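Have the coordinates open and try each task before reading its solution.

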Amino acid sequence: MLFAVKGNTQFKIDDADRDTYLKLGYDIAEQSGNTLEVVENASSKKVSWKEYESLVRENEELRKQVAESGSGTPEALKGLQTQLDDANKEIKSLKKQLAAAATPPDDK
């Protein structure tokens with residue numbers, strides 16, 4: 001079952017009406033469980049060339065920043081994994097200490 005969706009309005013439509021509603025500015029969605037998932041956007045929903053160029057430049061800048069910081073390198077990820085492993089060991093140790101401190105002493 002297809003739906004034409006625009007703002008808070010939605011209509012059940014036949015596949016034959018799909019192009020008509022797209023031209024009228026509606027998105028086409030399919031029902032997935034209890035929600036609608038958009039499968040095709042209206043042709044009127046386009047990004048301007050100026051906005052596209054701006055996003056491309058921003059993407060390039062962010063990629064450069066990531067590359068310069070080295071945060072995406074395998075070495076950096078391995079270092080983070082080591083830190084995580086060390087932290088998990090410390091957590092286990094602290095949990096043991098806490099359990100030992102919470103256990104009442106034997107009075108025999």
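**Exercise 1.** Which side chain meets that of Lys 45 in a salt bridge?

*Solution.* Before starting, note that this is a predicted model, where local features need pLDDT of at least 70, side-chain atom pairs count only at pLDDT 80 or more, and totals for chains, interfaces and linings use all residues. Residues are numbered from 1 along each chain as its sequence is written, and side-chain values use heavy atoms, with hydrogens and water left out.

Step 1: apply the criterion, a side-chain nitrogen of Lys or Arg within 4 Å of a carboxyl oxygen of Asp or Glu. Step 2: the partner of Lys 45 is Asp 27, at 2.5 Å from N to O.

**Exercise 2.** Is Asp 27 buried or exposed?

*Solution.* Buried means under 20% relative accessible area, exposed over 50%, and partly exposed in between (1.4 Å probe, protein chains only). Asp 27 has 7% relative accessibility, so this residue counts as buried.

**Exercise 3.** Which residues do salt bridges with shared partners join into one network?

*Solution.* Step 1: Arg 18 pairs with Asp 15 at 3.5 Å between the closest N and O atoms. Step 2: Arg 18 also bridges to Glu 40, at 3.0 Å. Step 3: the network is therefore Asp 15, Arg 18 and Glu 40.
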